[in-house]
Amino acid sequence: MKDRLSDGVYGLGWATVKKLPEPVAAGLGRRIADLAWKRRGKSVLRLESNLARVVPDATPERLAELSQAGMRSYMRYWMESFRLPTWSKERVGRDVDIKGAHYLKDGLAAGRGVVLALPHLANWDLAGVWVTRSLGIPFTTVAERLKPESLYDRFVAYRESLGMEVLPHTGGSAFGTLARRLRAGGLVCLVADRDLSASGIEVDFFGDTARMPAGPAILAQQTGALLLPVTLWYDDTAVMRGRIHPPVDVPESGTRADKTSVMTQRLADAFAAGIADHPEDWHMLQRLWLADLEERGAPEPGAGTGLGTEAPAERGEELQK
């Protein structure tokens, strides 16, 4: 029943929201966000708990303001995502402003593959559309397999319609395919601020230990690809802004594990800087820090592939409550 409900909710969103006038869709998103925020459900409380680490000196009133703004940002992501298939190339070019694109263009022009690593900030699907439509660059990503299978198929079809090649996170073949794309000079995009597997790399993140995926750093080492952190944010206009940061270089010495640890920490530092500047746009409604994960038990050893990914159902779990 829950699986059918999930599939139905997403199907309704894609079928209905994109047909609404834009002001109506935006207003609907804010109303849903405010209702979810007022209910003070588990996801909202977890968001506030996470924000308390990002803004440690925030008063309870300030945290409440941030979490309400966070839910509105989160619902803006969904309203935009449901409507993205209808956006023109001109609309994408007008409403997305990302600095530092020369790092991406120069890397690809030099024949090197490029890995873009992003946290759950603002709307990474919209950033992906900017890459495929405004820059004309196709890319490959991974997605968590969902239940029911029809829901996973919806997400794959949706992202493929936006110009992305989507690989299933499970099955063991994704890493090899990504490596081949990079060695051929292609682009790989990975959401990389959360890893619950035992293979994740422990990093210092806002003063405490979290675990992030090793995949982006290992792919860069094994293929010679550039590893570029990306941060995104919304401003007070209709425009989503972003920045492609300078490359995270492979250290000259150390074991592969040492190099992976150093590179993943540098990614975490870039993510933290972007999140600290725009905490309300960080859509982290799940447990992240190890201290919080220990409250409900450790992940199973060996779980996951070490690739950065996003489970769309997790990002939309508040829609189902």
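This is a predicted model: local features need pLDDT of at least 70, side-chain atom pairs count only at pLDDT 80 or more; totals for chains, interfaces and linings use all residues.
Over the ring of which residue does the charged end of Arg91 sit?

1. In it, the charged end of Arg91 lies over the ring of Trp87, at 3.8 Å from the ring centre. Arg91 also belongs to a salt-bridge network, in which shared partners join Glu22, Arg83, Arg91, Arg94 and Asp95.

2. Searching the whole structure gives 16 salt bridges. One of them pairs Arg83 with Glu22, with 3.9 Å between the closest N and O atoms. The two residues come from distant parts of the chain: Arg83 is in helix H4 (residues 60–83) and Glu22 in helix H2 (residues 22–39), 61 residues apart. Arg83 has a relative accessible area of 11% and is therefore buried, the limit being under 20%. Glu22, at 36%, counts as partly exposed.

3. Asp292 has a salt bridge to Arg46, where the closest N and O atoms are 3.4 Å apart. This pair again links distant parts of the chain, from Asp292 in helix H12 (residues 290–293) to Arg46 in helix H3 (residues 42–54), with a separation of 246 residues. Both Asp292 and Arg46 are buried.

4. Asp292 forms a salt bridge with Arg53 as well, and here the closest N and O atoms are 3.3 Å apart. Why does Asp292 count as buried? Its relative accessibility is 6%, and buried means under 20%. Arg53, with a relative accessible area of 23%, is partly exposed.

5. The whole-structure search for aromatic pairs returns six. In the pair of Tyr77 and Trp78, the ring centres are 5.1 Å apart and the planes stand at 80 degrees, so the pair is edge-to-face. Tyr77 is buried at 2% relative accessibility, and Trp78 is buried at 1%.

6. Trp78 also pairs with Phe82: the ring centres are 5.5 Å apart and the planes are at 35 degrees, so this pair is tilted. Trp78 and Phe82 are both in helix H4, and their spacing of four residues is about one turn of the helix. Phe82, like Trp78, is buried.

7. Elsewhere, ring pairs connect four residues into a cluster: Phe205, Phe206, Trp282 and Trp289.

Conventions: Residues are numbered from 1 along each chain as its sequence is written. Side-chain values use heavy atoms; hydrogens and water are left out. A salt bridge is a side-chain nitrogen of Lys or Arg within 4 Å of a carboxyl oxygen of Asp or Glu. Buried means under 20% relative accessible area, exposed over 50%, partly exposed in between (1.4 Å probe, protein chains only). Rings of Phe, Tyr and Trp (its six-membered ring) pair if their centres lie within 6.5 Å; planes under 30 degrees apart count as stacked, over 60 as edge-to-face and the rest as tilted. A charge sits over a ring if NZ of Lys or CZ of Arg is within 6 Å of the ring centre and within 35 degrees of the ring normal.
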